[in-house]
Amino acid sequence: MSNAEFQQSEPSADEQTESQSQTTTVSGESQEQLEDEWIEYEFDGAPKISVEDLDVFYGDDHAIQSVSMDIPENSVTALIGPSGCGKSTFLRCLNRMNDRINSARVEGSVEIDGEEIYQDGVNLVELRKRVGMVFQAPNPFPKSIRDNIAYGPRKHGDINDGLLDRLLGRADPDKEDELVERSLRQAALWDEVSDRLDDNALGLSGGQQQRLCIGRCLAVDPEVILMDEPASALDPIATAKIEDLIEELSEDYTVVVVTHNMQQAARISDQTAVFLTGGELVEYGETDQIFENPNSQRVEDYITGKFG
Ligand SMILES: Nc1ncnc2c1ncn2[C@@H]1O[C@H](COP(=O)(O)OP(=O)(O)O)[C@@H](O)[C@H]1O
Ligand SMILES: [Mg+2]
């Protein structure tokens, strides 16, 4: 999509002179105009995730521009915006997945429960257990359903390390079975697969595979679940199941979900962040407010389908 499609109506002569001396964004707005339409999203309680002045570069390309936002716990936060605006890049910052991309450089701060994740000495394996991720295309391992769920806890040694005791409130010789059942129940998949746990996961339908991936993520006891367009490869019925599951999970987990489907964001999220081209966070607020009464003209144009 070309930048031209994002141009707003011509600024008035006054605005034009004023903005000439200022930095302008890719869509031609001055920084000042952006700040004018920015309203801080306020909520009760301490943020689970606090992002401050986050910038991401791929080589010379500036993919995320000075984004700050606080994400409340045990709720669904939707990230929406046109393709290429930086949603996936932003999401990957929240568990340092961008570290795996050689050309990516991240600047700024992300705190989880008040603790900086961009500092030396952070254990990335631990971080990614606390902040799990589910991708657009379901990616189960070519192993049994049971092995998919037990993989993480086995690998991390958690099954013998007290995780199960913590999750189940007691020690049990059949720990792994219980973990598998618990995770599959939480992922709303147990009833469909309980009689074939040793079957290969690749034999499941796409929707079942995606719920299995969510179960795999839950098995290592995360606090935050990042989902990048988790239903966009699925049919409407499978999508509805994932949407219901996301809403259920938000009672116990902090869910951040990228979607290009605005109806989906409106249906499932508590708050919505709108990114527009160039990696700017243009507006962030309660979902109803964003969809019914956005503060920013550009957001209104986007959600009413004038572009994007
Ligand atoms: N691995 C990468 N290397 C270089 N550029 C990338 C990479 N990933 C994304 N980008 C660029 O960063 C911008 C934002 O991309 P992305 O975060 O994937 O957007 P979205 O998820 O909103 O579609 C795009 O211009 C894209 O081309
Ligand atoms: Mg993306």
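A residue counts as buried if 20 or more other C-beta atoms lie within 10 Å of its own, as exposed if 12 or fewer do, and as partly exposed in between, with C-beta atoms placed from the backbone. A nonpolar core is then a set of buried Ala, Val, Leu, Ile, Met, Phe, Trp, Tyr and Cys residues joined through C-beta atoms within 7 Å.

The model shown here is predicted, so local features need pLDDT of at least 70 and side-chain atom pairs count only at pLDDT 80 or more, while totals for chains, interfaces and linings use all residues. Residues are numbered from 1 along each chain as its sequence is written, and chains are lettered from A and ligands numbered from 1 in the order in which they are written.

**View 1. The protein chain as a whole.** Start by getting your bearings: the protein chain has 13 helices and 10 strands. Helices (H or I, at least four residues) and strands (E, at least two) are DSSP runs, numbered from the N terminus. Of its 308 residues, 41% are buried. Two residues are in contact if their C-beta atoms, placed from the backbone, lie within 7 Å. Take the contacts with a separation of 6 or more, and 68% of them join residues 24 or more positions apart.

**View 2. The largest nonpolar core.** This core holds 71 residues, and the ones touching the most other members are Leu79, Ile225, Leu226, Val255, Val256, Val274 and Phe275. Leaving aside residues up to four places away in sequence, Leu79 touches Lys87, Phe90, Leu91, Val256, Val258, Ala273 and Phe275.

**View 3. The surroundings of ligand 1.** Have a look at the 13 residues around ligand 1; Tyr58, Ala63, Lys87, Ser88 and Thr89 are the closest. A residue makes the list if its C-beta atom, placed from the backbone, lies within 6 Å of the molecule. Two or more shell residues come from each of β2 (61–72) and α3 (87–93), and the largest share, 3 residues, belongs to α3. By type, the shell splits into 4 nonpolar, 7 polar and 2 charged residues. Here Ala, Val, Leu, Ile, Met, Phe, Trp, Tyr, Cys and Pro count as nonpolar, Asp, Glu, Lys and Arg as charged, and the others, Gly among them, as polar.

**View 4. Where helix α5 meets helix α7.** Helix α5 (residues 145–155) packs on helix α7 (residues 175–186) at an angle of about 110°, and their axes are 9 Å apart. Axes are lines fitted to C-alpha atoms, for helices over the stretch in contact, and angles run from 0 to 180 degrees between N-to-C directions. That makes α5 and α7 roughly perpendicular, the word used for 65 to 115 degrees; under 35 is roughly parallel, over 145 roughly antiparallel, and the rest oblique. On the α5 side you'll find Arg146, Ile149, Ala150 and Pro153, facing Glu176, Leu179, Val180, Ser183 and Leu184 of α7. The tally for this contact is 6 nonpolar, 1 polar and 2 charged.

**View 5. Two residues with positive phi, Asp53 and Asn74.** Asp53 is not a glycine, yet its phi is about 50°. Asp53 sits in strand β1 (residues 47–58) and is exposed, with 11 other C-beta atoms within 10 Å. Asn74 has a phi near 45° and lies in the loop between β2 and β3 (76–80). Its 15 C-beta neighbours inside 10 Å make Asn74 partly exposed.

**View 6. Leu245 in helix α10 (residues 236–249).** Leu245 counts as buried, with 22 C-beta neighbours inside 10 Å. Not counting residues up to four places away in sequence, Leu245 touches Ala187, Ala188, Arg211 and Ile214.
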